[in-house]
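Have it open while you read.

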Amino acid sequence: MNDPTRRRFLFSTGVTSVVLSACGFLGATARYLSPNVLYEPPHRFPIGSPEEFPPGTATFLPEHRLFLFNNPAGFYAISSVCTHLGCNVRHIVGEGFACPCHGSRFDENGQVVHGPAPEPLAWFGLSLSPRRELVVNTRQPVQPEYRFRV
Amino acid sequence: MRTPQRASVRFHLAFAVLGVTFLAIFSWVFLKEYLAEWRTTQAQFDQLQRRVKDPHALSLAAPLGEIQQIWLPDLNRVDRCPTCHLGIDDPAFVSAPEPYTTHPGAWLRTHAPDRFGCTSCHGGQGEATDFRNAAHQPIPYWSDPMRSPQLIEANCGACHRERRPRQAVWLEKGREVIANAGCIACHDIPGFSLEELRAPRLESVGYKVRPEWLRTWLADPKAYLAQARMPNFRLEPPEIDSLSAFLLAQRETAPLDSAGIDWSKADRDRGRTVFGEARCVTCHRLEGRGGTMGPELTTVGSKVGRAWLFSFIKDPTHDQPGTLMLRYRFTDDQIRDLVAYLTEDLIDPGAPQASSEVRYVEPALIERGREAFVRHGCYGCHRFSGMVDLGKIGPSLLGIGDRAIEAADFRNAAVVPSRPNWLFLKLRAPDTLADQSRMPTFNFSEPDAAAAVVALLSIRRADLPVSRVTDQPRPVRYEPQGTFGALVARYRCLSCHQTRGWGGELSTVPLDRIGSQLQHAYLVSYLQLPSAVRVSLEERMPWFRMTREEARTLADYLAGVFVDDSLERPVPLDADAARRGARLYQTLGCRGCHSLGGTGGYVGPDLSDSGRRLKPGWIEAWLSDPGRWKPGTLQPNYGLKPEEARSLTAYLMTLSTDRSGSTP
Amino acid sequence: MGRTIFRVGWPRTDKDRAAAMISSLVLHIHPAKVQRHSLRASYTLGLGLTSAYLFGVLIVTGVVLMLYYTPHPLDAYRNMKDLQFVVTFGPVLRNMHRWAAHAMVVVVFLHMCRVFFTGAYKEPRQFNWVLGVGLLLLTLGLSFTGYLLPWDQLAFWAITVGSNIAGYAPGLGAEIKYLLLGGNVIESGALLRFYVLHCVILPLLAAMLIAMHVYRVRKDGLSAPPAAEPPPIEEMAPGRFPPSTRSYGLMALADRPAQPVVESEPDDEVLTWPHLLYREVLVLLAVLIALHAAALLFNAPLEEIADPTRTPNPAKAPWYFLGLQELVSYSALIGGVLVPTLLVLALVLVPYLDPVPRGVGVWFAPERSRANRIFAALASAAVALTLVGMFFRGPNWAWVWPWTP
Amino acid sequence: MDVFGRQAQEEGLSRIETDGKRLFVHYCVTCHGETGEGDGQNASTLAPAPPDFRASLPVHQPAYWKQIIEAGSVAVGRSPLCPPWGRTLPSDDITALVAYLGVLSRPAGQKPVEPAAKAPASP
């Protein structure tokens, strides 16, 4: 191998390694930035025993940002987060939900009536823990027909 | 001459080598991350769960490949133990090896991991994600390693503050040891109060004890009495001299006058009879038998003076206002005989003889004695007028469970410098840890000291949120007033009986609803002359020799106030039902524990006289659910139907030792 | 592509190389040509460059570490545990930041020694030496303020000791300590102040000083042996900048396009591109490799959570202040105040007090052997005191042998 | 030397067996005796007398013991003298008692088996 070839080979080896390492560095940085554990409320959380929510009531749970309804057919939970820009909607008995920020209106089932909201309010799945507490799972979206019976 | 302006091959070579090295070392960073211990542990678990579970259950299983974390903001804990202990809550893994196995016992049912985490009970470093750093074994720089099985109850005690936590035997025993040893006299200890402390007042001790006894006692209380509660202060002879001089000079309240007593007429045998009839052994030990509420009397004659003892039995509160001792209604002659028996028969032949000559005691010696008294914190236990607000002599034990222990704290280098070891040695032999320890030697047995260590370790520095703590309300002091109150005070009912959670624990019968349990006439006669309902019990109610009026007063009050309305209901008592009840009595095997007319077991009370003793409403309620009225009772719940309970009640109400068959 | 980056395309001729140096903002911190002598590894040892790289590494790792850090006593320690146990690549980054910080203290100190022993601080570089002293102090300050952030026992007590040493400063010592801690005790206020100092104020100052330092190197030229020294200042006309012989204008090359530039030049000068740049890349790689190796092999210490009620025995300041702590242990006033103040003052004044103008660009020039001897004595005294504090002081600050357990 | 650890060893009983022992001492010894020989204080008054566990326990299975504890000795066709505890004690306590009976039925000196290791897999 003559001098220039050798030089080129060595140089490109070095450059390749450095470029690969740089790519690795970018990848590692991206991985580093994505957290592995979260210090935030879990997606499944108990909200209390069913007796705390008497039949025919709608309870707003501000710390979980959801409404819990108990009607004759069973329990159901509707998110209070407006699908437009994330404000908390208000519940108006008999009318549905109204968002104070940009005037979106939803019916009792969280379906959009009018306003800028692009999607209906989310419904969450419910279950009963071994300690007989209602458990909400925000990662379990359900249809508006959903009712949970204890 | 172009070459100098080009980099030479040497540089290209260096560049290539350095570049490749860098790539290699950078790959090592990745390798290290993706070969982390918890990842391989999870991979092995994945293999395991594929064998153990069916595909459906598998799809519901926890996702692998990520760190599992329990975050408990109120406890300031982050536990990542489930990252490796993956089967802990799943019974399918009961036979799996560590770390995948199921948690033994039913503990997780009451202590759900998502609410309590793991380190709350077990200790260890919850943040860690590998075996070593999780502090399964002690590691440097983590002061709270995982608790060994012997110590884990200490962590129960951090939340369970009640004196007798369920299912934590060592903790319960340890708390009892701490309470009984009177640690609270010198240390502030959360959960313990000075009211539990019992020690005689010493303002008039100069009248009470014999000088030669006092010296022996001060030198080593256990030498006089193995059960002595007072610890050994390791006093030097000069201190014993000055302390006894100081104590013997304490003569505030003179004993009641016994000058008119003709001691030559004293009859020790009659005294012994009085001693037996009054059931003194319920509280006082004699030759290894009897209760422990009062001091042992085996050699009391070598300890106290005759005049003082006469006065004390006549009126115990005369110089000991808070004593648990009751005031019998003895005649002076009875007391004389009793005192003669106690002081002449119950002596220690080996005790040093009384030195009769009266010696002059320098005031300076007495003053030095007072200083020693204060220096050793004697006032902590022996409440002493003029010595209030001196403070506790020892440090507060708040946070003792977190106290850092350095190797330098141990003089014996062979001992592992751990917190439990330090506490254990401190309790067993305080003088072996530090030169100048003022803590006295308690001579705790090794199991007692170990239990106390568990209880002490449960006292942590950072307090838990109220919602996490379980406790029992401290009983409120109950002091009845009026005639009834005076009688309760005189006969010290609450030294043994409890009501509203207040009172002694010697008696198994709480007074809360006694008026609804027992018939009035029976109460009156029982108070006047108590007869044993449970023959197997050594500790029986004493014979107070109270008058009929006193007994009536007490019974009236008990029947009127200490009642439970739910028990005051009529039970139909017809003969048919009684016959059915008699059959039930046989088929249920009641005779195994209760005796009737002299036959049967003696675990439970004798039922021969229940028709005159008990109220039917109570019998029925008791039989229906004994545990409700008395947790931990040996009477099992037979699950009787209401009709059966009524039949048995009817039958029991027919039982009477009085042949005439009269009912009140 | 190359043209858009270097304005002259990928440089293939010497002229292009020189033009690239001059027309690129980034590369402009270098002259187009440098003396061969200045490039010798045995002359500079690459120490200034290494400290600059370490500073860069510290900035990069420090910024990403900030994403997982809350400057509050309740959280800071747990953040460290998270970095140690759950953040992907967290341990490596934390270790690298730690070791780079320590290495920077060492390298900056060695750089100062090199500059002194080669007489490189002499005219016209006197002021750059002063900037360098400032950078040394800033390096110590950066390391010291970062020491508290993990909020463990090591950090807490090192800072306790360190800030109390600061309290001995004459006149305003107590006030300095009060301002530094934002109070009288090391608590959340102190942690926040150290955090802001460590992440904002001191790095900004350091970056500014480094810019000035490098700019002056660029303008004054790299130091060189006497043969290439500029004419004495007296010969220059008043009001004119001192002529720079190390820094080439493009005109110097462009004037003579017909002739090969090389042949007309002194033999001891080479083009910055590739000779200097290539060496700089190699040093960078070496520094990175060393840091990664250190970070992979040795974990940054993390002790128990800070506990103000429990003092470790002995409580030691960060290692680079142990010499100072050793002095303070003899006398608070002389050791803690007088000696360090005089030392810093002497360091600042060195270039202005130096009576011998010669001896530049050569290691241990014989004509300045006395100055070298004095400096060597002081530097080794500082090192020796630090080593004593590190290894020969046990519980109760008693003398121990490092090999006895 | 671990002075504390040395003292706190509790007769080599597992946690559940310790619980069982506590319950046995509280509820059972008056008739069955400390070692289960049937020599408790109250035993002399019983006819038929309580059995000697050393002989009777090894013959039967834990499920049988559990049945007797829960429903009384009548449940297996014997005298009614051993009462039913099923409504008094929670099932965890009865499990613990059964575990302690396992200790009593072991020949003396045999090492206790950890519960995790002896329980069969239940897929």
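1. Conventions. This is a predicted model, where local features need pLDDT of at least 70, side-chain atom pairs count only at pLDDT 80 or more, and totals for chains, interfaces and linings use all residues. Residues are numbered from 1 along each chain as its sequence is written, chains are lettered from A and ligands numbered from 1 in the order in which they are written, and side-chain values use heavy atoms, with hydrogens and water left out.

2. Cavities. The whole structure has 4 cavities of 30 Å³ or more. A cavity here is a set of points on a 1 Å grid over the protein atoms alone where a 1.4 Å probe fits but cannot get out, and lining residues have an atom within 4 Å of a point. Points are joined across faces, edges and corners, and a volume is the space filled by probe spheres set on them.

3. The second largest cavity. It holds about 50 Å³ of space. Its lining includes Tyr207(B), Trp308(B), Phe312(B) and Asp315(B). Helix α14 (residues 306–314) of chain B gives the most, with 3 residues; helices are DSSP runs (H or I, at least four residues), strands likewise (E, at least two), numbered from the N terminus. The lining splits into 6 nonpolar, 4 polar and 2 charged residues (nonpolar: Ala, Val, Leu, Ile, Met, Phe, Trp, Tyr, Cys and Pro; charged: Asp, Glu, Lys and Arg; polar: the others, Gly among them).

4. Chain D. You'll see 7 helices and 0 strands here. Of its 123 residues, 42% count as buried, meaning under 20% relative accessible area, with exposed over 50% and partly exposed in between (1.4 Å probe, protein chains only).

5. A link within chain B. Arg460(B) and Asp144(B) form a salt bridge, with the closest N and O atoms 3.6 Å apart. Arg460(B) lies in the loop between α18 (446–457) and α19 (482–491) and Asp144(B) in the loop between α6 (119–122) and α7 (152–159), so the pair ties together parts 316 residues apart in sequence. The term means a side-chain nitrogen of Lys or Arg within 4 Å of a carboxyl oxygen of Asp or Glu. Arg460(B) is buried at 18% relative accessibility, as is Asp144(B) at 12%.

6. A link between chains. Arg461(B) and Asp307(C) also meet in a salt bridge (3.7 Å, N to O). Arg461(B) is partly exposed at 44%, whereas Asp307(C) is buried at 11%.

Technical notes. On a 1 Å grid over the protein atoms alone, a cavity is a set of points where a 1.4 Å probe fits but cannot get out, and a pocket is an open set with protein on both sides within 12 Å along at least five of seven lines; lining residues have an atom within 4 Å of a point.
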